[in-house]
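The tour goes stop by stop.

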Amino acid sequence: MMDATKLPVVEILSLIDDGKLSSEELVKAYRAALEGDRASAKPLNAYVEFFDDAGDLARAADARRKAGERLPLLGVPFAVKDNISIAGRALTCASDILEGYTSPYSATVIERLVAAGAIPVGRTNMDEFAMGSSCEYSRYGATRNPFDRDRTPGGSSGGSAVAVAAGMAAFSLGSETGGSVRLPASFCGLYGLKPSYGRLSRYGLVAFGSSLDQIGICARTAGDAALILSVAAGRDDHDETSADAPVPGARLEALPRGLAGLRVAVPGEFSGIGTDPEVASAFERVISLFEKAGAAVERISFPLLKSCIALYYIIAPAEASSNLARFDGIRYGARVDGGKGLFSLYSVTRDRGFGPEVKRRIVVGNFVLSSGYVDAYYKKALAVRTLLVRELTGLFGRFDLLLSPTSPTPAFRIGEKVDDPVAMYLSDLCTTFANLAGVPALSIPAGATKSGLPIGVQIAGKLFSEPLLLGTAAALRGEGL
Amino acid sequence: MGIERAELIVGCEVHVQLLTKTKAFCACENRYGGIPNTRVCPTCLALPGALPRVNRELLDKSILAGLALNCTVASLTKFDRKNYMYPDLPKGYQISQFDMPICEGGWLDIDVSGTTKRIGIIRLHMEEDAGKNLHIDDRRSYVDFNRCGAPLAEIVSKPDIRSAEEASAYVQGIREVMRFIGVSECNMEEGSLRCDVNVNLHVTEGVGEFATPIAEIKNLNSFRSIRNAIAYEERRQLEEWKGKRVTLQMAGKQTRGWDDDRGVSVLQRTKEEASDYRYFPEPDLKPIVVTSAHVERIRAMLPELPRVMRARFEKDFGLTAYDAQVLTTSSSIAAYFDAAAAKSVDPKKAANWIQTEVLGVLNTQGITVDEFPVPPEDIAKLVDSVQSGINTISMAKDIFSRMINSNMSFDALMATRVQTRNADGSAIAAWVDEVLAANPKVVEDWKRGRKNAALWLMGQVMKKSGGTADAKLANAILERRLQALQ
Ligand SMILES: [Zn+2]
């Protein structure tokens, strides 16, 4: 039998259609890859749970297909970051505080994918509550990068990226608050889509920074990402912030002009200090591909981009400090009674339940919202964010795309930044602006370093321009990327 | 130097639970009581990943409440998170409104000891209720989330209130208006109206004027406790001022709880211990644009308010202030009377009938006026029939109870009586003659021009006939006989 584990969704579907592959065989192959990996010296640790009944679900999908049913994703197995609710499954956000919690309901995006026939096969590892850029801050331990097992896969959706990169799922869902899908996608050689804010319903995604959060997609091809997006997108009455925008089509419409005539902005703020030379040269190669194909690439200055990390690390923790208040040990999850009344129940439960990075952000968030500081930090950050949105809207009036590396460096070593929060935060240098402004952004695989570490470049466009981003990515592939 | 003057300053924060079909931010039914935790969902239990959405009825009822209190409705409003942790607050924050409330700047007129006073209203904002902690014993506590997420309007008055009586009248006024416009039941026992008061004193000593620390007294769940708590606090602060001379500037605001059994307020938190709510805009809900067309649509639904209605009843119908008060205790009773009065030649008599007979039946049967079978038009006809002498009072009462029991209309009942009525002219003439012979004084009155005397005599004739006489025929015979006596 062929090795189907590395095939993109579109090819899987046509093989299944032709009767050359079954969903059950595919799930079996993914499980075999996972079990083989678990037996290795340095397991990747992509999944925190591969569902025991995944094979049964696949068999059921095969039966439906045999009975003549046709659905856009019937029988396609996918992996789900452990902060997206699936009815009847455990949900931990890689945190001790959700020990024992089972979600009684499914996220809207899960419901839509399942209604389209896709099969969630397991929950993937992540940084606790999606706070981190390396997939190391997890109750389940670090996830390793399949291209170099001593390196991180990036975070926070590291497990979701690795599950796809290592041939254990056809695609995966992650979540984005400040680059958490794009960074691991770039470290693992995948396409990582952060949709426009509102494109996908957040209902069922455990909130981190509510005004920044979006469910994101890790896929092997731009076409796969387009197909998945078309199924999952659209207004949801459970999420007031979900958009009423027209849902993009499943198939990538060819760009009207190809790459020719595209106006591409390259901000100087993202290249320069700290950029790895191999990343820089891969990036230059992408620029020349654009130019060769007739796009107009212009190097610009956009000083506000430099403020994005600061804005992000004020706004995201502020919202997180409030979003994480519900984990109090009263209704679900772990409870440790300190034995000295309500306050000790709260403090001991939360002290034992949350890891160091989560605590750090709760403290920062409470600080920037506290009276006496709220004006200097939180309100100022909101004002600058408004300015960023306005300037970026102006920029996307003059340009179709904003192009940058996804990360200044390829995957870094496990343990390298875990004790240096600021260095870790700088991994998000090129990505947070898209979450702050709500615009879509896509990380595209753009080669590898000499030692074989994948490199990613990122394109971003105006609100709801996902078809342009995905079409551009496909066109770049056609140009030899 | 002694205290020359110590003026009591009071402001009220009233929480009113709104009568919406569903909770404020989820689809759970909004109803009082029930088996604990049977009206809950991922959103109001704050399960991971659940999101709120705004119930439009919350918005519309809040606007209606604000308009009834003469407020201005914001054209742009938003929700904010008020962060604090407590077991009955599952999200660890309450969705409330901070700096852009739905309504601002209104007033409520109240009557205290015969004079009218206008109490300013700073704002009315929307928020959600918490659940209920149930303490079983020292070791076990449970939480019931049925009430969690129920919609509330918080109404904040200006510190315009100067006495315990005014405070009580103000809260009663809020309750009356909210009930009248149908946005809340305002039942203090069930907690659908809750009140906190802010109390301090402005003390004048010689040229100096000092403000005592503001005490916010929470959990006042009856009008009596509102009055008692303010009166107690006035005495306590005066004593404390005399002893310690601590001003508002020095100590700020403190929170006190009212112990109804002991009749004392108890210090709960000083300014230093006050929680910092870390308000910020609720990112899960979009700001709401309220168009003026929307406001006008709701304004058109605003009924005549009880104070205005009472003034009209007194002026147009000649009711006493007391009667007007009784007839405006609810909007449906007021509407019932209004309809009866419009059809009746003597609205005062209609008012009396409704107060004694109709309200009496409502009380004994435990029903509302909406469930009462007799339409107000029939009350008007009934009252007028007594007035015109067609029915005596006792006959009218009989018809009244038959209308209730048979569900037949006044006209239908009168018509059945017509079939059996006595149209025997000689019998009626005999009754007329008997009445005239028995009442020579009244006949004399009639001769001197008192037209009412004829009405009264007519009533006596009807009475004699046991209500069976054909009224038209009887009237004609009586008229003829009297003319003959002239
Ligand atoms: Zn609910």
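At what angle do helix α8 (residues 331-343) of chain B and helix α10 (residues 376-387) of chain B pack? The angle is about 45 degrees, and the axes are 8 Å apart. That makes α8(B) oblique to α10(B).

Some ground rules before moving on. This is a predicted model, where local features need pLDDT of at least 70, side-chain atom pairs count only at pLDDT 80 or more, and totals for chains, interfaces and linings use all residues. Residues are numbered from 1 along each chain as its sequence is written, chains are lettered from A and ligands numbered from 1 in the order in which they are written, and side-chain values use heavy atoms, with hydrogens and water left out.

Helices are DSSP runs (H or I, at least four residues), as are strands (E, at least two), numbered from the N terminus. Axes are lines fitted to C-alpha atoms, for helices over the stretch in contact, and angles run from 0 to 180 degrees between N-to-C directions. Under 35 degrees counts as roughly parallel, over 145 as roughly antiparallel, 65 to 115 as roughly perpendicular, the rest as oblique.

**Stop 1: α8(B) and α10(B)**

Select B:Tyr336, B:Ala339, B:Ala340 and B:Lys343 in α8(B). They meet B:Pro376, B:Glu377, B:Ile379, B:Ala380 and B:Asp384 in α10(B); contact means heavy atoms within 4.5 Å. The residues of this contact divide into 6 nonpolar, no polar and 3 charged.

**Stop 2: between the chains**

Show chains A and B together. The contact takes 39 residues from chain A and 32 residues from chain B. About 2,900 Å² is buried between them, with 56% given by carbon and sulfur atoms. Buried area is the accessible area (1.4 Å probe) that two parts lose on being put together, summed over both.

Now select B:Asp284 and A:Arg202. They form a salt bridge, with the closest N and O atoms 3.0 Å apart. The term requires a side-chain nitrogen of Lys or Arg within 4 Å of a carboxyl oxygen of Asp or Glu. The count between chain A and chain B is 1 salt bridge.

**Stop 3: α1(A) and α7(A)**

Go to α1 (residues 9-17) and α7 (residues 222-232) of chain A, which pack at about 75 degrees with axes 8 Å apart. The two helices are therefore roughly perpendicular. Select A:Val9, A:Val10 and A:Leu13, which meet A:Gly223, A:Asp224 and A:Leu227.

**Stop 4: a loop in chain A**

A cis peptide bond joins A:Gly155 and A:Ser156, with omega about 5 degrees. A:Cys135 lies in the loop between β3 and α5 too. Its phi is positive, about 60 degrees, although A:Cys135 is not a glycine.

Definitions and conventions
Nonpolar A, V, L, I, M, F, W, Y, C, P; charged D, E, K, R; others polar.
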